[in-house]
Amino acid sequence: MAGGNERSMKALREVWRRPENSLCADCGKPDPDWASSTLGVFICLSCSGIHRNIPSISKVKSLKMDHWDDAQVQFLAKHGNAVTKATYEAHIPIYYYQPTYHDCQVLREQWIRAKYERREFTEPGKQLPYSDGVKEGILWKRGRDNGQFLPRKFLLSEREGCLKYFTKQDAKEPKINIKIDVINATFQPVKIGNPNGLQITYLKDNKTRNIFVYHENGKEVVDWFNAIRSVQFHYLKVAFPIASDNEIKTRLTRNFLKEGYMEKTGPKQREAFKKRWFTLDHRRLMYFKDPLDAFAKGEVFVGSRENGYSVQKGLPSGTQGNFSWLYGITIVTPDREYLFTCETEAEQLDWIAAFTSVINQAMTPQEYASKYLDAVS
């Protein structure tokens, strides 16, 4: 820390070292080394960039490189992450998604703006744009066949328990009517090629269907995301009246455990390995020819270790199928073995860790009911 007298520097270090200030106030990243001199929070470098874009609310400085005068240090000492959170995060709805440093820019930015700029969580019972139980508007949706993004009207209804979209503004009947309890939504800016890209998936006849959408306005697309979570939460409260709020929260939208390219071979294990895009959505391992395909070419259920599932590094000796990637993975199920290869050892280890995390979890009764999927062919 350059500049400043020794007394101020010592006082700053003491405040900085408080346990409450050891994680970024906005995304939870360890060891934040920036702070807001107007809000009194300790934040990471990435979040400081978002704060810098709302200068009327937050003035940020480096804790290592900038000078902090006595008054600024005293302000930090009086506030800090715990005190500031008690004000700006006092009334966050249970269903609201609070992003971490692993999440994309639009989620983190709108979380920060919601807290400090719009002050959405400072008062109890405040009317929020995603809490009405109904939301209607235009989202740009990718065409299933032509790949073009076109504006489509979407309607989310808590009363009807569904999400609909219409191909025309004045259409009376929706193109698709999706029950809220089979929907997942996750931000996919890289895959979709838009910073506000959102992937909506749902089950139809026990098969996963993907819809890719975006909105030019970051606040609007995050409001859609949290509106879906709000409707899901209230639907599940009725469906499972004895479940706690936290139990229901775990059943709302989820991020995929792992995505990426692997090579696969068929059930005879003599076919040439083909490169495919894989998505691990808890116990569903799906593969696609293209990451933006609407439907998976195949799915395989990944059960628990106690039910005979395991993951092994490498391929069985004598594997005959031709493959160009050298880092193999074998998924063992009660019915057969599934063989995959990865391009790098790092990818191989990441996939093995993801599979292991699923296999080590006991299966729920609902998962038993959904295990009979079409196998990867």
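# Briefing on a predicted model

Glu117 has a relative accessibility of 36%, which puts this residue in the partly exposed class. The model described here is predicted.

**Glu117 and its surroundings**

- Glu117 belongs to helix α5, which covers residues 105-117.
- Leaving aside residues up to four places away in sequence, Glu117 touches Ile54, Ile57 and Ile112.
- Glu117 and Tyr88 are 29 residues apart along the chain, and their C-alpha atoms are separated by 9.9 Å.

**Annotated domain**

- An unreviewed UniProt entry places the feature "domain: PH" at residues 132-233 and at residues 255-360.
- Residues 132-233 are 20% helix and 46% strand, with 13 Å between the end C-alpha atoms.
- Residues 255-360 are 14% helix and 38% strand, with 19 Å between the end C-alpha atoms.

**Salt bridges**

- Side chains of opposite charge can pair when their charged atoms come close.
- The count of salt bridges in this model comes to 19.
- One of them pairs Glu220 with Lys135, at 3.2 Å from N to O.
- Glu220 sits in helix α7 (residues 218-239) and Lys135 in strand β4 (residues 134-142), so this pair ties together parts that are 85 residues apart in sequence.
- In that pair, Glu220 is partly exposed at 22% relative accessibility, whereas Lys135 is buried, with a relative accessible area of 10%.
- Another salt bridge joins the side chains of Arg254 and Asp281, at 2.8 Å from N to O.
- Arg254 is in the loop between α8 (245-249) and β11 (258-264), and Asp281 is in strand β12 (residues 274-281); the pair links distant parts of the chain, 27 residues apart.
- Arg254 is partly exposed, with a relative accessible area of 38%, while Asp281 is buried at 5% relative accessibility.
- Salt bridges with shared partners join Asp26, Lys85, Glu89 and Lys115 into one network.
- Within this group, the side chains of Glu89 and Lys85 meet at 3.2 Å, N to O.
- Glu89 counts as buried at 17% relative accessibility, and Lys85 is partly exposed, with a relative accessible area of 30%.

**Cysteines**

- A search of the whole structure finds 0 disulfides.
- For Cys44, the closest cysteine sulfur is that of Cys27, and the two sulfurs are 3.7 Å apart, which is too far for a bond, because a disulfide needs the sulfur atoms within 2.5 Å.
- Cys44 is buried, at 5% relative accessibility.
- For Cys104, the closest cysteine sulfur is in Cys47, at 12 Å, so this pair is also too far apart for a bond.
- Cys104 is buried as well, with a relative accessible area of 15%.

**Surface patch**

- Phe323, Leu326 and Tyr327 form a nonpolar patch on the surface, and together they have about 300 Å² of accessible area.
- Leu326, one of the patch residues, lies in the loop between β15 (310-313) and β16 (327-332).
- Leu326 is exposed, with a relative accessible area of 66%.

Notes: Residues are numbered from 1 along each chain as its sequence is written. This is a predicted model: local features need pLDDT of at least 70, side-chain atom pairs count only at pLDDT 80 or more; totals for chains, interfaces and linings use all residues. Side-chain values use heavy atoms; hydrogens and water are left out. Buried means under 20% relative accessible area, exposed over 50%, partly exposed in between (1.4 Å probe, protein chains only). UniProt positions are given in the numbering used here, feature names are shortened, and annotations may be inferred rather than shown by experiment. Helices (H or I, at least four residues) and strands (E, at least two) are DSSP runs, numbered from the N terminus. Patches are made of residues with over 30% relative accessible area and no salt bridge: like charges are joined within 9 Å, nonpolar side chains (Val, Leu, Ile, Met, Phe, Trp, Tyr) within 5 Å. Accessible areas come from the Shrake-Rupley method with a 1.4 Å probe; for residues, only the protein chains shown count as cover. A salt bridge is a side-chain nitrogen of Lys or Arg within 4 Å of a carboxyl oxygen of Asp or Glu. Contact means heavy atoms within 4.5 Å.
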